[in-house]
Amino acid sequence: MVYNFSAGPAMLPVEVMQRAQAEFCDFNGLGVSVMELSHRGADYIAVAEQAERDLRELMHIPDNYKVLFLQGGGRGQFAAVALNLMGKNAKADYIVTGQWSRSAVAEAEKVGQVRVLDGFEAGAEPKKLATSWDLDPTAAYVHYCPNETVEGIEYDFVPETGNVPLVADMSSTILSRPVDVSKFGIIYAGAQKNIGPSGLAVVIVRDDLLDQACPNVPAIMDYAAMAKADSMLNTPATYAWYLAGLVFQWLKEKGGVEVIGAQNKAKAELLYNYVDASDFFENRVHPSARSWMNIPFQLKDESLNDAFLKEAKAAGLLALKGHRIVGGMRASVYNAMPIEGVQALVDFMDEFAKRHA
Ligand code: PMP
């Protein structure tokens, strides 16, 4: 048995891949692959619409939100958000808590005036997430990243931004726990963690934000134009969209976001509790800001890092190397990772620690 702890592209449910495999060459008895279907034909449109319906059901998305299936991954949306929201008012507040929220700033700065707000409380290490910010009530929007994939920092609350629309990069937290979509102006996510293959981006946008685009927004990033065309202004990433739909069906069969959320909490606690009790490993994130999806941990003796990775791989535990910015290890435990995988990792860590004590 192999468990893949990659941060993305990440593990997909095996049942989803088996189903995709079974219908790969002959979709629905049509004698062709879903990849070969015209996006304008009734067979494919049924696939696309079902995926959207299932996502709406899973996330309880209110009717005054559009759901878009676009291309260009998470980073494409760093630009798209700014280009779609800064047409009438070219200033925005960006709360920065790590690598990905910082990268979003860099794209928005190409479009308008960005104020960067520190996402942490001043003071002692490890840092706690700030719960209030010096927000500009006249900004077009406030952007933040609810789960920083690199650092393993996650909000367990939604920032309060008054009348200013809140925009969230949910790439590595979407569908991992319940969220109240009505608190957001825009939610977006690259697909390659909890949704499906890379390249696809899912955007959930409130209707009243569809008239604020910059005139120079490229058509393939234009939310209003894409909403009008049901995300098919150009040829969408049809196979990725189909696979996303299979993942949504899988999640519904599992009991939905509420059920998977409880499982994700249990998975995270299993690993954090082990690391906290160990004097061989450590996690440096404040307990109130620890991610359920991306769990960095360090070996106190860093000279053992290479041996740890090599032996973990031999034991079927893949892709545990931490991001180069943080170093050490990172276990990404998205929805498709069963608790047995986390237990296997903890068992391996314990055995490794004993051997190297
Ligand atoms: N935001 C977050 C939180 C991410 O984790 C990632 C990718 N790891 C991105 C954005 C960028 O996504 P992509 O590579 O699909 O552009």
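What you have open is a predicted model, in which local features need pLDDT of at least 70, side-chain atom pairs count only at pLDDT 80 or more, and totals for chains, interfaces and linings use all residues. Residues are numbered from 1 along each chain as its sequence is written.

**The two domains**

Colour residues 3–10 + 256–355 as domain 1 and 19–253 as domain 2; these bounds come from an automatic or database domain assignment. The centres of the two domains, taken over C-alpha atoms, are separated by 26 Å. Helices (H or I, at least four residues) and strands (E, at least two) are DSSP runs, numbered from the N terminus.

Next, select residues 2–345, where UniProt places the feature "domain: Aminotransferase class V" in an unreviewed entry. UniProt positions are given in the numbering used here, feature names are shortened, and annotations may be inferred rather than shown by experiment. Over residues 2–345 the chain is 32% helix and 17% strand, with its end C-alpha atoms 11 Å apart.

**The core**

Now show Ile186, Leu200, Val202, Val203 and Ala244, which touch the most other members of the largest nonpolar core, a set of 104 residues. Such a core consists of buried Ala, Val, Leu, Ile, Met, Phe, Trp, Tyr and Cys residues joined through C-beta atoms within 7 Å. A residue is buried if 20 or more other C-beta atoms lie within 10 Å of its own, exposed if 12 or fewer, and partly exposed in between. Helix H6 (residues 238–253) gives this core its largest share, 10 residues. At least three residues of the core come from each of domain 1 and domain 2.

Stay on Leu200 for a moment. Leaving aside neighbours within four places in sequence, Leu200 has contacts that include Phe69, Gln71, Ala237 and Trp241.

Select helix H9, residues 339–355. Its 17 residues reach 24 Å from first C-alpha to last, close to the 24 Å expected at 1.5 Å a residue; the expected span is 1.5 Å times one less than the number of residues. Gly341, Val342, Leu345 and Met349 are buried in H9. Seen down the axis, the buried residues of H9 fall within an arc of 100 degrees, so they line one face of the helix; the arc is that of the directions from the helix axis to the C-beta atoms. Turned away from that side are the exposed residues Glu340, Glu351, Lys354 and Arg355. Covering the buried residues of H9 are elements including helix H7 (256–277) and strand E14 (329–332).

Then move to helix H4 (residues 99–108), whose buried residues are Trp100, Ser101, Ala104 and Ala108. These also fall within an arc of 100 degrees, so they line one face of H4. Among the elements they pack against are helix H3 (73–85) and strand E4 (113–118).

**Two loop stops**

Is Arg40 buried or exposed? Arg40 is exposed, because 9 other C-beta atoms lie within 10 Å. Look for Arg40 in the loop between helix H1 (14–22) and helix H2 (42–59). UniProt lists Arg40 for "binding site" in an unreviewed entry.

End at Asp301, in the loop between strand E12 (294–299) and helix H8 (305–314). Asp301 counts as exposed, with 10 C-beta neighbours inside 10 Å.

Methods: Contact = placed C-beta atoms within 7 Å.
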